[in-house]
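Let's take a friendly look at some charged side chains and who they pair up with. Have a glance at the sequence and the 3D picture before reading on.

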Amino acid sequence: MTNQAGALAGIKVLDLSRVLGGPYCTQALADHGAEVIKLEPPAGDETRAWGPPFEGDTAAYFRGVNRNKKGISIDLSTDQGKDILLHLLADADVLVENFKPGTLERWGLGYEDVLSVRFPKLIHCAISGFGLDGPLGGLPGYDAAIQAIAGLMSVNGDKTTGAMRVGLPIVDMVTGLNAVTGILLALNERQRSGRGQFIDITLYDCGVSLLHPHVPNYLASGKEPVLTGNAHPNIAPYDSYATGNEPIYLAVGNDRQFAILCDHLGAPELPHDERFSSNSQRSVNRAELKTQLELHLRKHEAQELASSLIGKGVPCGAVASVKSVIDHPHTEHRKMLLKMDGYRGIASPVKLSRTPAVYRSLPPSLGEHTYEVLRANGYTESALKTLTDTGVIKPA
């Protein structure tokens, strides 16, 4: 029997974040039952305009990471706006924001001096580029810039392309996931102590944390990694290989898998060749290994070969397009494409048996729930009119 309330039912999150890292975090919390109130300035989260493509007047980018949230629009640069924020925090469990470090302090809303005193159970998750202090402290950070600064680009690409950005905002997304982890850790600890705490999550730290196995390799050998394209620095064959039509990616992690691969290709002698008898030898002689494998791989078509090999326990895959992933029957089987009232998006990958993800509402329009949320928090109709007339709040 499943619980349709979600694992985080009863947790209230005030989301002041924008763009990707913060919204990615809060959507994950919302998918699993938390009540998330997304507070935007009157101009809105800038990703509402990050198109085409657009769905209505809102970019698909925004809609991809903001479902299951109630949207309110408040001008926090005004004293009345700050008062509303404090009012909403009175019964909140979590505050998520990605303002430039020091912004809330300048507004008189810093965690140490104000928020932790007024709301001792509040968990405040601050997401920033580099943190408040240190050599890079307080500087702005965006995913691509962090990919460069934190070393990710230096290990992505090949000699022809040079260093390249990973083709998705991986730092932002991992930062969002680390923020989820931090929030869940703090919520768990609060059950023992009864106290909230401050969570400091930076894109820089999260970018550096992704440098596996490159940092361990460097610390052990003193050798800087080189660009290897699709190849793994420690394992072979673990690379993209030419076939009779499209490329296939082989991810062979041990000698048993290598023997199965070679036997299937009609080259059972390769595992007995001293150059290829162990992973360490295959890694050293990877160029020769690739030449030998591709002589046999070119006799096969990628998709058919991949299906046969993975069925025999050899991890591999033909390189798929986004469209083919969306259309793949396993994507449907795993329920990874969410369809709801005309909305389509990536569903939650976290499958809980009793308390699965719950999809309750579409991404909000700007200010869609401003009146609803404030009414529920005790604001009268006359107060709402005054706040609207003075530009402090913006209804839909």
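Predicted model: local features only at pLDDT ≥ 70, side-chain atom pairs only at ≥ 80, totals over all residues.

Residues are numbered from 1 along each chain as its sequence is written, and side-chain values use heavy atoms, with hydrogens and water left out.

A salt bridge here is a side-chain nitrogen of Lys or Arg within 4 Å of a carboxyl oxygen of Asp or Glu. The structure has 15 of these salt bridges, among them the ones in this table:

| Salt bridge | Closest N and O atoms |
|---|---|
| lysine 38 and aspartate 45 | 3.2 Å |
| lysine 290 and aspartate 239 | 3.2 Å |

Now, how hidden are they? Buried means under 20% relative accessible area, exposed means over 50%, and partly exposed is in between (1.4 Å probe, protein chains only). Lysine 38 and aspartate 45 are both buried. Arginine 48 counts as buried because its relative accessibility is 10%, and glutamate 40 is buried too, at 1%.

What about lysine 290 and aspartate 239? This salt bridge links distant parts of the chain: lysine 290 sits in helix α12 (residues 286-297) and aspartate 239 in strand β9 (residues 238-241), 51 residues apart. Helices (H or I, at least four residues) and strands (E, at least two) are DSSP runs, numbered from the N terminus. Lysine 290 has a relative accessible area of 26%, so it is partly exposed, while aspartate 239, at 11% relative accessibility, counts as buried.
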